[in-house]
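Q: Please go through this model with me, setting each label against its cut-off.

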Amino acid sequence: MNAVRSPMAEQLARRMLPATIFVASAGVRAGERDPFVDAVLAEEGLTLGERHPRTLDDLEDDYFDLIVTLAPEAHHAALELTRSLAVEVEYWPTQDPTGASGTREQIMAAYRDVRERLKLRISRRFLPPEAKNATD
């Protein structure tokens, strides 16, 4: 629903990757903004700003070299969308932290885990070896 994993990955990628790389996130459906995402991004000095969850139809551009999906439903939608396009689609299974329960700190830990896994995945996929050492 473009409210948790994808916006988090978008902001991390924007910080980690060169500005010449266009990064955008969208979901199958638009959800509600999640305050825990704002909190774990703030710990990294990042913010969603005025950004709100959006759908694929909300994107201004529909030309991509790569689509990375983080949830099964999004992956199936991306495969359907790109059936007749020359676009690479990668699936990075990523746990949904919204199911976490317990104290606020336990819930934050689940969101932090997703953030850290996304940072590692972005680094491994897109950064050259010398840049990876700088982000470790």
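Q: What does T69 touch, and what makes these residues count as contacts?
A: Leaving out residues up to four places away in sequence, T69 touches A74, H75, A78, V89, E90, Y91 and W92. They count because contact means heavy atoms within 4.5 Å.

Q: What kind of model is this, and how are residues and atoms treated?
A: It is a predicted model, in which local features need pLDDT of at least 70 and side-chain atom pairs count only at pLDDT 80 or more, while totals for chains, interfaces and linings use all residues. Residues are numbered from 1 along each chain as its sequence is written, and side-chain values use heavy atoms, with hydrogens and water left out.

Q: Why is T69 called buried?
A: The scale calls a residue buried under 20% relative accessible area, exposed over 50% and partly exposed in between (1.4 Å probe, protein chains only). T69 has a relative accessible area of 4%, so T69 is buried.

Q: Where is T69 placed, and what makes that stretch a strand?
A: T69 is in β1, residues 66-69. Helices (H or I, at least four residues) and strands (E, at least two) are DSSP runs, numbered from the N terminus.

Q: Is Y91 buried, partly exposed or exposed, and how do you know?
A: Y91 has a relative accessible area of 30%, so it falls in the partly exposed class. Y91 is found in strand β2, residues 88-91. Beyond four places in sequence, Y91 touches T69, L70, A71, P72, H75 and R121. From Y91 to E80, 11 residues apart in sequence, the C-alpha to C-alpha separation is 14 Å.

Q: What does the UniProt record say about this chain?
A: An unreviewed UniProt entry annotates residues 2-129 as "domain: Phosphotyrosine protein phosphatase I". Such positions are given in the numbering used here, feature names are shortened, and annotations may be inferred rather than shown by experiment. Over residues 2-129 the chain is 42% helix and 6% strand, with the end C-alpha atoms 30 Å apart.

Q: What makes a group of residues a nonpolar core, and which residues have the most contacts inside the largest one?
A: A nonpolar core is a set of buried Ala, Val, Leu, Ile, Met, Phe, Trp, Tyr and Cys residues joined through side-chain atoms within 4.5 Å. The largest has 24 residues, and M8, L12, V37, Y111, L118 and I122 have the most contacts inside it. The elements giving two or more residues to this core are α1 (5-16), α2 (35-42) and α4 (104-126). The largest share, 6 residues, comes from α4. A second, separate core of 5 residues includes F64, I67, A78 and V87. In soluble globular proteins, nonpolar side chains tend to be buried together.

Q: Why is α1 called oblique to α4?
A: The two helices pack at an angle of about 45°, with their axes 10 Å apart. Axes are lines fitted to C-alpha atoms, for helices over the stretch in contact, and angles run from 0 to 180 degrees between N-to-C directions. Angles under 35 degrees count as roughly parallel, over 145 as roughly antiparallel, 65 to 115 as roughly perpendicular and the rest as oblique. The angle therefore makes α1 oblique to α4. Among the residues that meet are M8, A9 and L12 in α1 and Y111, V114 and L118 in α4.

Q: What makes α2 roughly perpendicular to α4?
A: α2 and α4 pack at about 65°, again with axes 10 Å apart. That angle makes α2 roughly perpendicular to α4. F36, V37, A39 and V40 in α2 meet R104, I107, M108, Y111, R112 and R115 in α4.

Q: Which of the classes, buried or exposed, does R104 belong to, and why?
A: R104 has 53% relative accessibility, so R104 counts as exposed. R104 is in helix α4 and, beyond four places in sequence, touches F36 and A39. R104 and F36 are 68 residues apart in sequence and 9.4 Å apart in space, C-alpha to C-alpha.

Q: Is V114 buried or exposed, and how do you know?
A: V114 has a relative accessible area of 3%, so V114 is buried. V114, also found in helix α4, touches R5, M8, T94, Q95 and P97, not counting residues up to four places away in sequence.
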